[in-house]
Amino acid sequence: MKRVEAIIKPFKLEDVRDALSRAGVAGITAIDAKGFGRQKGHSELYRGAEYVVDFLPKVKLELVVADDDLDVCVDAVIKAARTGKIGDGKIFISTIDRVVRIRTGEENEAAV
């Protein structure tokens, strides 16, 4: 099994959720986050005063998928989240050794 963590722009959340649902993903966790990459934030004007926004709003998605479903899920995120502009985000993939469903005690594939 693989854990997929995707950092995306907030306004792309519904598009990515829909794409992952069509790809057969059963569950997703979405976390509001702030961060920056190469874009290093930006300046804004508020009531005549300029200020720097160092951390930009992002959404972090976490999901666990079977190894066979990994490429379909990653492609779904890429297609749904891409705007072609800087700050579109990143996808991190790691291996999951064990999953346990607390309610039933089911493990691994049955728990996902």
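Start with the surface: Asp67, Asp68, Asp69 and Glu109 gather there in a patch of negative charge. Keep in mind that this is a predicted model. Take one member of the patch, Asp67. Where does Asp67 lie? It is in the loop that runs between β5, residues 56-65, and α2, residues 70-81. The relative accessible area of Asp67 is 45%, and a residue has to be over 50% to be called exposed, so Asp67 is described as partly exposed.

What is the phi of Asn108? It is near 55 degrees, a positive value, and the residue is not a glycine. For background, most residues other than glycine have a negative phi.

Now two lysines. Lys12 sits in the loop between β1, residues 2-8, and α1, residues 13-22. Is Lys12 buried or exposed? Lys12 is buried, because its relative accessible area is 14% and the cut-off for buried is under 20%. If we set aside residues up to four places away in sequence, Lys12 touches Ala80, Ala81, Arg82 and Thr83.

The other lysine is Lys34, in strand β2, residues 29-35. Lys34 is exposed, because its relative accessible area is 67% and exposed means over 50%. Which residues does Lys34 contact, leaving aside neighbours within four places in sequence? They are Phe55, Leu56 and Lys58. As for Asp54, it is 20 residues from Lys34 in sequence, and the C-alpha atoms of the two are 9.1 Å apart in space.

Last, the whole chain. How many helices and strands does the chain have? There are two helices and six strands, and along the sequence they come in the pattern β-α-β-β-β-β-α-β. The chain has 112 residues, and 30% of them are buried. Its accessible surface comes to about 7,700 Å², with 50% of that belonging to carbon and sulfur atoms. On contacts, consider those between residues at least 6 apart in sequence: 68% of these join residues at least 24 apart.

Definitions and conventions. Residues are numbered from 1 along each chain as its sequence is written. This is a predicted model: local features need pLDDT of at least 70, side-chain atom pairs count only at pLDDT 80 or more; totals for chains, interfaces and linings use all residues. Side-chain values use heavy atoms; hydrogens and water are left out. Patches are made of residues with over 30% relative accessible area and no salt bridge: like charges are joined within 9 Å, nonpolar side chains (Val, Leu, Ile, Met, Phe, Trp, Tyr) within 5 Å. Accessible areas come from the Shrake-Rupley method with a 1.4 Å probe; for residues, only the protein chains shown count as cover. A salt bridge is a side-chain nitrogen of Lys or Arg within 4 Å of a carboxyl oxygen of Asp or Glu. Lys and Arg count as positive and Asp and Glu as negative; His and the chain ends are not counted. The place of a charge is taken as NZ of Lys, CZ of Arg, CG of Asp or CD of Glu. Helices (H or I, at least four residues) and strands (E, at least two) are DSSP runs, numbered from the N terminus. Buried means under 20% relative accessible area, exposed over 50%, partly exposed in between (1.4 Å probe, protein chains only). Contact means heavy atoms within 4.5 Å.
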